[in-house]
Amino acid sequence: MTSRWQPILETTGCNACGSRKGRTLFPQDRHGLGLATELCLRCGLLYLNPRPTAGAYADFYQHAYESYFPSRARLISQQSIPTETANRRIDAYRTLLPPGSRLLELGAGDGAFLRALTSLPQVEAAGIEPSTLCQSVCEKLGGHIVANSLEEMKEPAVPYTHAAAFHVLEHCVNPVETLRALGAQLAEGGTLFVEVPNLRGQWRGLGMIHLAHPMMFLPDSLRYVVERAGFAVEKLEELETPLLECSLRVVARKQPGIAAEPTAPDLATLESLFRQRLRWWRLERCRYQVQAWFIAVKEHYANHDHRGGRLRRLPSDPPSGRSRARSAGL
Ligand SMILES: [Zn+2]
């Protein structure tokens with residue numbers, strides 16, 4: 001049940017530009033933990049403030065993630081959606097992946113994109129993935145995982161030519177540092193593919209606003225974060241196509257030392273957008289609470305044997321390591 005895990009919270013400034021001048025756009029999160037969404041008035045980064053500490057996040061991914069996001073955890077075992085999404089990404093990136101490319105994917109998940117890359121001639125691919133559940137699915141299906149996290153990676157003898165991070169940065173408490181560490185694996189001029197949820201896209205309700213999204217992006221703030229990490233942005237798109245809806249996509253080249261200038265956000269427009277999109281959030285919160293209660297009851301009965309009129313704990317699956325902090329991407 002969601003009430004068991006109580007995070008230690010900390011207040012923070014903007015991780016991208018360091019400013020502490022922010023405006024609260026929304027005072028609550030999907031799970032009612034009091035995590036407000038703040039907008040940096042200097043660069044437009046959106047972030048939870050307060051938010052769980054790094055230690056609390058590690059504990060969350062180790063012990064509580066699946067209670068909070070049961071449907072997301074189950075998606076891992078359903079191959080069709082990740083496979084179809086990966087095929088659409090291949091269509092988008094294939095011209096940028098000539099023969100001889102070597103790609104490193106951060107947050108490879110079940111390896112759907114790594115597998116889809118095998119359709120391209122002479123492209124090698126490897127992934128970083130902290131979840132042991134995802135790792136086992138990925139490797140069973142032929143994907144290659146090289147590390148649990150970026151912290152485990154040494155400087156490569158032969159640098160990668162490409163790096164990818166799809167829906168990873170919004171889970172990181174320090175997206176600039178995460179991208180810099182990913183860039184360290186790339187050759188000079190190497191290509192970066194990034195996709196994240198788009199706060200200017202067609203979202204509605206509390207689905208986007210929750211503790212697993214300590215960072216949220218607008219087009220300008222994503223550009224700024226990517227540039228701060230030492231990449232020159234070549235293409236930035238807002239996507240609203242099936243399976244890739246409400247997303248931002250960036251293609252960038254490694255270019256250390258590139259100048260990065262923040263763009264101040266349009267505060268009035270964003271305040272109005274949040275008001276409209278979250279108009280019915282209290283009702284939605286009630287729905288999430290009822291849903292969480294039903295899931296908890298269902299799982300309780302699924303994990304117990306009622307023979308003899310007394311509940312008996314049955315062996316459960318080993319703890320999944322969606323745990324170990326998704327440190328690649330929290
Ligand atoms: Zn900022």
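Trainee: Which residues of helix α6 (residues 132–140) are buried?

Mentor: This is a predicted model: local features need pLDDT of at least 70, side-chain atom pairs count only at pLDDT 80 or more, and totals for chains, interfaces and linings use all residues. Numbering starts from 1 along each chain as its sequence is written. A residue is buried if 20 or more other C-beta atoms lie within 10 Å of its own, exposed if 12 or fewer, and partly exposed in between, with C-beta atoms placed from the backbone. In α6 the buried residues are L133, C134, Q135, V137 and C138.

Trainee: Which elements do the buried residues of α6 pack against?

Mentor: Helices (H or I, at least four residues) and strands (E, at least two) are DSSP runs, numbered from the N terminus. Two residues are in contact if their C-beta atoms, placed from the backbone, lie within 7 Å. The partners of the buried residues of α6 are α5 (112–117), β7 (124–128) and β8 (145–147).

Trainee: Which residue just after α6 takes a positive phi?

Mentor: Most residues other than glycine have a negative phi. The residue in question is a glycine, with phi at about 100°. Just after α6, the residue with that positive phi is G142.

Trainee: What percentage of the residues of the protein chain count as buried?

Mentor: The protein chain has 10 helices and 15 strands. Among its contacts between residues at least 6 apart in sequence, 71% join residues at least 24 apart. Of its 330 residues, the buried part is 41%.

Trainee: Within what arc do the buried residues of α7 fall, seen down the axis of the helix?

Mentor: Helix α7 (residues 175–183) has P175, V176, T178, L179, L182 and G183 buried. They line one face of the helix, because their directions fall within a limited arc. The arc is taken over the directions from the helix axis to the C-beta atoms. For α7 it is 165°.

Trainee: At roughly what angle do α7 and α8 cross?

Mentor: Two packed helices are described by the angle between their axes and the distance between the axes. Axes are lines fitted to C-alpha atoms, for helices over the stretch in contact, and angles run from 0 to 180 degrees between N-to-C directions. The axes of α7 and α8 (residues 219–228) come within 8 Å and cross at roughly 45°.

Trainee: What term describes α7 relative to α8?

Mentor: Angles under 35 degrees count as roughly parallel, over 145 as roughly antiparallel, 65 to 115 as roughly perpendicular and the rest as oblique. The crossing angle of these two helices is roughly 45°. Helix α7 is therefore, relative to α8, oblique.

Trainee: How many charged residues does the contact of α7 with α8 have?

Mentor: The contact is made by P175, V176 and L179 of α7 and by V225, V226 and R228 of α8. Ala, Val, Leu, Ile, Met, Phe, Trp, Tyr, Cys and Pro count as nonpolar, Asp, Glu, Lys and Arg as charged, and the others, Gly among them, as polar. By class there are 5 nonpolar residues and no polar ones, and the charged count is 1.

Trainee: Which two residues does a cis peptide bond join?

Mentor: Most peptide bonds are trans. In the exception here, omega is about 5°. The proline of the pair is in the loop between β4 (46–48) and β5 (51–52). The bond joins N49 and P50.

Trainee: How many other C-beta atoms lie within 10 Å of C246?

Mentor: C246 is in the loop between β12 (231–239) and β13 (247–254), and has a positive phi of about 55° although it is not a glycine. L243 is found in that loop too, with phi near 75°, and is partly exposed with 14 other C-beta atoms within 10 Å. C246 is also partly exposed, and its count is 17.

Trainee: Is A212 buried or exposed?

Mentor: A212 lies in the loop between β10 (186–197) and β11 (215–216). Leaving aside neighbours within four places in sequence, A212 is in contact with F69 and H171. H171 is 41 residues away in sequence and 5.7 Å away in space, C-alpha to C-alpha. With 21 other C-beta atoms within 10 Å, A212 is buried.

Trainee: How far apart in space are R23 and C40, C-alpha to C-alpha?

Mentor: R23 is in strand β2 (residues 22–26) and is partly exposed, with 13 other C-beta atoms within 10 Å. Beyond its neighbours within four places in sequence, R23 is in contact with E38, L39, L41 and L267. R23 and C40 are 17 residues apart in sequence, and their C-alpha separation is 6.7 Å.
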